[in-house]
Amino acid sequence: MTQMPPLNDLYREIVMDHYRTPRNRGELPTPPARRADGHNPLCGDEISVFVLVEGDLITDVKLTGHGCSISQASSSMMSAAIKGRRVEEARELVARFKDLMTAESSEPSEDALRELGEIAALSGVSKFPVRIKCATLAWNTLTQALDDAETSEPQQG
Amino acid sequence: MSYDVRLLRTDFPLLRRVVNGYPITYLDSGATSLTPRTVLEAMDVYYSRHHANVHRGVYQTAAEATAAYEDARAAVARFIGAAHADEVVFTKNATESFNLLARAWGAANLRPGDVVVVTEMEHHANLVPWFQLRDSHGIELRFLRVGDDYRLDLSNLDELLDGATLLSVTAMSNVLGTINPVVHLAERAHAAGALLAVDGAQSVAHLPTDVQSLGADFLAFSAHKMLGPTGIGVLWAKQEHWDRTPPFLGGGGMIADVTLDGFTPADGPARYEAGTPPIAEAVGLGAAVRYLESITMESVAAHELDLTTYALERLTSSFDGRVRIVGPRETTERGGVISLDVEGVHPHDVSQVLDQYGVCVRPGHHCAKPLMRRFDLAATARVSFGPYSTRPEVDTLVDALGQALEMFS
């Protein structure tokens, strides 16, 4: 029988800070922004991600929704990390984050941690398998919004 | 015989588990109950000594297996006060029981425009099959609403029942703990010319059940919520209703004859039990029924009422109003299911912190999303008791909730 890792691994200070003081809350007018909605049918968490893509740059991000500390902190950290980044970089970050969530045994590499910045504080989630979906909800929803932005007509800046 | 919960707990092997360094505090019996050793042993004896398919072989063990399977049916019939064992049909779970009711009885007996009345506090198992029947057969659905007191609003009951064919209602809410006035609902339904179906998934495990005095026409429940194994449930119906119900799933075991022109269905419960049934599970359910009869459902109900009274008192007095009870505060017509809304802490986080102390509660919408919407909640943390639950476990819960509040304050 494996024992649960201590809760401090999950609820790190920086995670709790993003939960208590979420960044980039609100909505953006659509269009020009793109909106995607995600929900976790198991626990009822819901999130809407608004992204404004100008050229290949994500110039603004806003979030609405409700959920547990992990889903809320993860979405807040994501919004802070991708704002001002190129779409391609944001997609790379999504891939890196998902790697972090599935890396159960191996510790993430130095490079990966540097790239992720404070988001690496969510690495403890991977030790709590039922919570991984909470952490990835915002990131999957972001991917939907970016896909939508890329397949539709280019927006006027 | 007095109810000795400490002695009774020794019958449940899982209660010896240590979780995260703490003795397990299992408070999720509303999701599934723990299994006493007698149930495990009965299934072990079946597999070790009598395992054979039922209703087919003529050899000794096949006859024993058939007898054990039918003994379980008789035990269930006795437990719920059915007029005859053949009124008890084994399904996979309460959800499949409702699907059998809607798709076999409903599809054969309801015409487009016929009315089925359900309630806002139903589990999805007693909602989705009716939505499906509405889509396929054009029936009309009407809904009894839930009042601010967390009880059914019966003010427009007669209006809703006017012209209705069936009222289908839970005996006990799996979210609120509310016990509904089934006897009264049966009288009003019958007066309006409608039948009454009862979701007993929660109630059968916690209250004495007698389908005759309830006035029910149908009763659905699951074994695994009443100390039995997973994989088997029950749909009971009065014989006159079975007489008007065609087969559900087709296949082996449910036929009287098959030719290249077609089939003739079997009579009796076999008609609805296609394929090899859950034999070991039926044996386990029979043992669970006998266990509950030995400790008596009256004692179980009294024990859980005491526990619920204590828990409501402790939960409301311990946290300066930061833990809200989503359900009736009074203990009359209320079962041992307590949904909590913890200020500033999402139910998922509540459950996570409690797990650190070995306390098992359920976060989520509890398969009752319309009810959650009614109270503008996405989720609650649900505490639910079983015959083996204790006051010290309530104390452990209260202490762990205090930790969760502190952590998130």
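**Exercise 1.** Which strand of chain B gives the most to the lining of the second largest pocket?

*Solution.* Begin with the ground rules. This is a predicted model, where local features need pLDDT of at least 70, side-chain atom pairs count only at pLDDT 80 or more, and totals for chains, interfaces and linings use all residues. Residues are numbered from 1 along each chain as its sequence is written, chains are lettered from A and ligands numbered from 1 in the order written, and side-chain values use heavy atoms, without hydrogens and water.

Step 1. Strands (E, at least two residues) and helices (H or I, at least four) are DSSP runs, numbered from the N terminus. On a 1 Å grid over the protein atoms alone, a pocket is an open set with protein on both sides within 12 Å along at least five of seven lines; a cavity is a set of points where a 1.4 Å probe fits but cannot get out; lining residues have an atom within 4 Å of a point.

Step 2. Read off the contributor. Strand 16 of chain B gives the most, with three residues.

Step 3. Of its 27 lining residues, the closest to the centre are B:His123, B:Asn174, B:Lys225, B:His366 and B:Cys367. Domain 1 (5-29 + 296-408) and domain 2 (40-294) of chain B both give residues to this lining, so the pocket lies between them. The domain bounds come from an automatic or database assignment.

**Exercise 2.** Where does strand 16 of chain B stand in its sheet?

*Solution.* Step 1. Write the order. Four strands of chain B form an open sheet, 13-14-17-16, with antiparallel pairing. Two strands pair if DSSP finds at least two bridges between them.

Step 1. Find the ends. Strand 13 (323-325) and strand 16 (362-364) stand at the edges, each with a single partner strand, so one side of each is left without a neighbour in the sheet.

Step 2. Look inside. Four bridges join strand 14 (residues 337-342) to strand 17 (residues 380-384) of chain B. B:Val337 has B:Ser384 as its bridge partner.

**Exercise 3.** Which residues line the largest cavity?

*Solution.* Step 1. Search the whole structure: one cavity of 30 Å³ or more is found. The largest cavity has a volume of about 40 Å³.

Step 1. List the lining: B:Gly30, B:Met172, B:Gln202, B:His206, B:Glu304, B:Gly336, B:Val337, B:Ser384 and B:Phe385.

Step 2. Locate the cavity. Domain 1 and domain 2 of chain B both give residues to the lining, so the cavity lies between them.

Note on methods:
Points joined across faces, edges and corners; volume = space filled by probe spheres on them.
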